[in-house]
Structure formats: structure tokens, C-alpha cells
Amino acid sequence: MPTARDPAHTSEETIAAIATPPGAGGIGIIRISGPLSRSILSRLFTPRKPLSSFASHRMYYGWMTEPESGQLLDEVLAVFMEAPNTYTREDVVEIHCHGSYLILEQILRQVFHSGARPAQPGEFTKRAFLNGRIDLTRAEAVVDLLSARTGPALDLAFGQLQGHLHQQVMDIREALLGVRAVIEVAIDFPEDEAEILDSAILGNRLIAVESALQRLLAAADHGKIFREGISAVILGRPNVGKSSLLNTLLREERALVTPVPGTTRDTIEEYVDIRGVPVRLIDTAGIRETTEAVEELGIQRARAKSAEADLILFLVDGSVPLQEEDRTLYASINTTDCQGSVLVVINKTDLVSGFDLTHFSGDFPGQTLVPISARNHDGIDALRDAVFAAVVSRGEGGLNPGDVGCAPNVRHRAALDAALEGCLRARKGLEGNQPPDLVAVDLQAALGSLADIVGETTTEDMLDMIFERFCIGK
């Protein structure tokens with residue numbers, strides 16, 4: 001099983017890729033990493049002033065050329081960075097071109113002709129991990145950093161990149177190693193086992209480890225919400241203002257709004273930041289009885305999205321008494337249609353003089369009702385607060401990105417669960433006076449799970465699964 005510091009994993013191949021997004025831009029960057037990086041730069045780059053060699057970490061101005069013909073490809077800035085003080089701990093070159101994708105492709109083609117091969121997704125970061133520059137939690141934080149949709153998600157990813165999760169895992173591991181050391185002494189000196197093994201003291205040390213693991217597991221639940229967000233379906237009968245609400249929350253005219261019922265035929269999905277949580281808003285077709293085939297397909301999709309949603313914003317028209325269609329639809333989402341939370345939103349309050357919310361409270365017993373006017377943007381801040389409160393209710397003990405600190409992902413959570421299970425078995429073994437060698441097996445299982453998190457014992461298949469989530473060039 002490979003480890004992060006295994007020298008056999010240092011590649012002798014040189015890789016290259018475009019490191020900036022596709023499309024036109026002011027600057028485009030080509031990144032090269034590996035033993036041929038300097039020679040490729042020397043072959044393709046003509047500096048404005050002649051050079052005997054490239055100084056490391058210094059930017060040079062000049063031109064990229066096609067070696068055989070001497071044709072100029074672009075006016076660029078180039079930098080050579082000598083190992084090990086680079087992102088990958090290999091020799092690295094960056095070529096800063098004009099941001100035309102055609103120019104970038106022409107230069108990259110010459111880089112490949114000069115001995116490099118195309119980089120795989122995430123291969124630069126994978127080399128940084130395999131060469132010991134970063135542990136696996138920091139490597140995974142890179143992709144979270146690039147995909148963050150809100151400020152709190154960005155803060156969590158950056159905290160993990162700074163090593164917050166790694167440090168907590170290593171602290172837990174150090175505590176477990178201390179317990180295992182005592183157990184191993186008892187194994188080596190069985191005649192003194194009774195004096196060496198104080199089950200009460202060791203049990204308390206394991207309880208402290210279990211508490212630390214449980215805090216990380218709670219952070220995983222909360223961090224997942226800030227990292228991945230939730231889905232919220234806007235549901236209601238036709239013409240209650242679903243598309244208007246979507247546009248208001250997005251602060252743009254994303255959905256077509258008309259007074260004609262049935263305008264929305266398919267779902268419309270967009271992300272919005274609500275108090276730091278990325279919420280995927282889904283506008284749906286109004287649900288009613290219809291014989292129109294296309295509208296019926298839209299209604300079927302609306303019901304399917306509702307069944308999968310974390311939250312339903314059930315929208316009713318507050319300018320008229322509650323309709324029987326409203327009651328029927330609300331009853332269906334509270335029985336079989338929806339697995340998530342439901343928030344009742346009363347729209348069009350601007351159309352009623354002296355709007356009285358109590359007229360609707362009897363129809364929705366036990367529900368918090370949120371009155372709004374999507375057209376006038378009245379009550380939208382209260383709605384955002386109510387959505388966030390519904391999100392908070394999905395986690396234990398409240399939800400605050402500042403309290404989470406780090407956000408273990410799904411892979412980390414599985415390993416943390418396994419580590420916690422190993423600790424619990426070890427403590428029960430001590431309490432039950434099991435032989436110390438059996439207790440040591442459970443402790444080693446817990447330690448192995450923690451080693452998986454930071455990448456000290458991780459299979460190639462698992463690494464491939466992790467790094468294939470990255471973009472090419474990172």
C-alpha cells in the first residue's frame with residue numbers, strides 16, 4: 001500500500017497543461033512540472049536579453065517561438081522554479097501568455113513536442129501530495145477551495161488548506177499512540193500486566209479521544225451543508241408567484257413571469273447564497289389538474305424534485321382565501337411527496353389592505369408562516385432567516401461556520417466513524433479485562449483509519465478517485 005512519502009512515487013515524466021479556464025482573457029497560463037521543465041523552456045523561450053541560465057523564481061520577458069521555423073507564437077512572461085521549493089516539489093515552469101485559447105493551444109503543442117505529456121486532472125496537486133509537500137486533507141482542500149460557492153465554504157476550505165483538519169487528526173492520533181504504548185508494554189511484560197494496565201485511566205483517555213472524534217463528525221455534518229448546500233424547491237399551484245420569488249431571491253430576472261397560469265413548464269435551477277449556505281433553488285411548474293401533455297410532464301418533474309428536496313418553500317397566494325388545490329397539495333407533501341422540511345410562504349401580501357396572517361394559521365397548524373411580497377421584495381429578509389433556520393434544524397447543536405473550523409468530507413467521515421468504532425471496542429475490551437493484544441488490535445484499527453485521512457496509507461485506486469475530481473492544470 002503506497003504512502004505519501006514513498007520515493008517510488010516521484011515521477012520521471014514531465015507533465016504540462018493549461019492552468020487557466022477556457023475562453024478569452026487577459027492572461028493565460030501554461031504550467032509544466034518535471035525534470036524536463038527547464039530544458040523545454042530553454043528550447044521554446046527567447047528572452048529579450050540573452051541569458052546563460054534561468055535564475056529560480058524570477059520572471060523573464062520574451063517570446064515563445066516554434067523551434068524549427070523560428071516563428072513567434074506570443075509575447076510572454078516566463079518563470080522557472082527549481083525543486084524542491086515549488087508546488088509539486090519538482091522543477092516547475094509557468095508561461096504567462098495572452099489569454100487567447102488558440103495561442104495557449106499552439107504553445108502547449110510545442111511543449112508536448114519538446115518532451116512533456118498532457119497532465120491528468122489534479123496531477124500537479126497529486127504530485128505535491130506524493131512528494132510530501134502536503135498531506136491528503138490539504139490536497140482535497142484545493143478542490144473545495146476552487147468549487148466553494150459562498151464565503152463560509154471558502155473559509156472552511158482555506159482552513160483545511162492551512163492544516164486545521166490535519167492538526168486535529170494528528171492530535172487525536174498522538175493521544176491514541178500514547179494509549180497503545182501502554183498496552184504494548186503490558187504485552188511485552190505479561191507478568192506485570194495488572195500493574196501496568198490501569199483500566200480506569202486508559203478508559204478516560206479513550207473517552208477523551210472519542211469526544212474529539214465525535215466533534216469532528218459533527219463538524220462533518222455541518223461542513224457538508226456549507227460546502228455542498230441544500231436543495232430548496234419552490235412549490236405551489238399555478239400563478240401564486242413561484243417564478244417571481246425565484247427572481248427576487250436571485251436578484252435577477254431568471255424566470256419568465258406572466259399572469260397566464262402554466263407558464264413554467266420545466267424546472268429552473270439556480271444557486272443562491274442564503275446566510276452563507278449555498279441553496280439550490282428550484283422553480284417548478286404549478287401543480288394542478290391538466291390535460292395538456294407538456295404541462296403534465298412539468299408537473300411530474302415538479303413532484304419528483306419535491307420528493308428529493310431538502311426543503312420545500314410551499315407558496316400560496318395571500319390575496320385570496322386558501323384554495324382546495326392548496327390544501328390537497330400541502331397534504332400530499334406532508335405525507336408521501338417530500339422527505340425534507342416544509343416552509344409555508346404567504347405571497348402577494350401587498351394586494352391586501354391590512355393583511356392578517358391569522359387567516360391562514362388554522363390551515364397550517366404548527367407551521368411557521370412567512371408573509372412576503374415577491375413583487376415588492378417585502379419580507380424577503382425574514383424569508384432568508386427562516387430558510388437558514390430550517391437549515392440549522394438539520395444539524396445537531398446549531399450551525400455556525402465560525403464554530404465548525406474544518407469540514408471533514410464524506411471520505412473523512414467514513415474513516416472517522418471507523419476510528420471511533422475502534423476506540424469504543426478498545427475501551428470495552430479494557431473494561432471487560434480482555435487480553436492486551438486484542439485491545440491493541442482495536443487501537444491499531446483506529447490508528448489505521450486516521451492514517452487513511454491524512455494519506456499515510458491510501459491505495460492508488462482511492463487516490464485516483466480523489467484527484468479525478470480536480471480540473472486539468474491544478
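A cavity is a set of grid points where a 1.4 Å probe fits but cannot get out, and its lining residues have an atom within 4 Å of a point. The exercises below apply to a predicted model.

**Exercise 1.** Determine how many cavities of 30 Å³ or more the whole structure holds, and describe the lining of the largest cavity.

*Solution.* A search of the whole structure returns two cavities of 30 Å³ or more. The volume of the largest cavity is about 60 Å³. Its lining consists of Asp144, Ala153, Leu156, Ala157, Gln160, Arg227 and Ala407. Helix H5 (residues 151-161) supplies four residues, the largest share of this lining.

**Exercise 2.** Check whether the end-to-end distance of helix H16 agrees with its number of residues, then list its buried positions.

*Solution.* Helix H16 covers residues 436-454, which is 19 residues. With buried taken as under 20% relative accessible area, the buried residues of H16 are Pro436, Val439, Ala440, Asp442, Leu443, Ala446, Leu447, Ser449, Leu450, Ala451, Ile453 and Val454. After H16 comes Gly455, which has a positive phi, near 90°.

**Exercise 3.** Classify Tyr61 as buried, partly exposed or exposed, and identify the surface patch to which Tyr61 contributes.

*Solution.* Tyr61 belongs to strand S4 (residues 58-65). Its relative accessibility is 33%. Together with Met59 and Leu77, Tyr61 makes a nonpolar surface patch of about 260 Å².

Note on methods. Residues are numbered from 1 along each chain as its sequence is written. This is a predicted model: local features need pLDDT of at least 70, side-chain atom pairs count only at pLDDT 80 or more; totals for chains, interfaces and linings use all residues. Side-chain values use heavy atoms; hydrogens and water are left out. Helices (H or I, at least four residues) and strands (E, at least two) are DSSP runs, numbered from the N terminus. The expected span of a helix is 1.5 Å times one less than its number of residues. Buried means under 20% relative accessible area, exposed over 50%, partly exposed in between (1.4 Å probe, protein chains only). Patches are made of residues with over 30% relative accessible area and no salt bridge: like charges are joined within 9 Å, nonpolar side chains (Val, Leu, Ile, Met, Phe, Trp, Tyr) within 5 Å. Accessible areas come from the Shrake-Rupley method with a 1.4 Å probe; for residues, only the protein chains shown count as cover. A salt bridge is a side-chain nitrogen of Lys or Arg within 4 Å of a carboxyl oxygen of Asp or Glu. On a 1 Å grid over the protein atoms alone, a cavity is a set of points where a 1.4 Å probe fits but cannot get out, and a pocket is an open set with protein on both sides within 12 Å along at least five of seven lines; lining residues have an atom within 4 Å of a point. Grid points are joined across faces, edges and corners, and a volume is the space filled by probe spheres set on the points.
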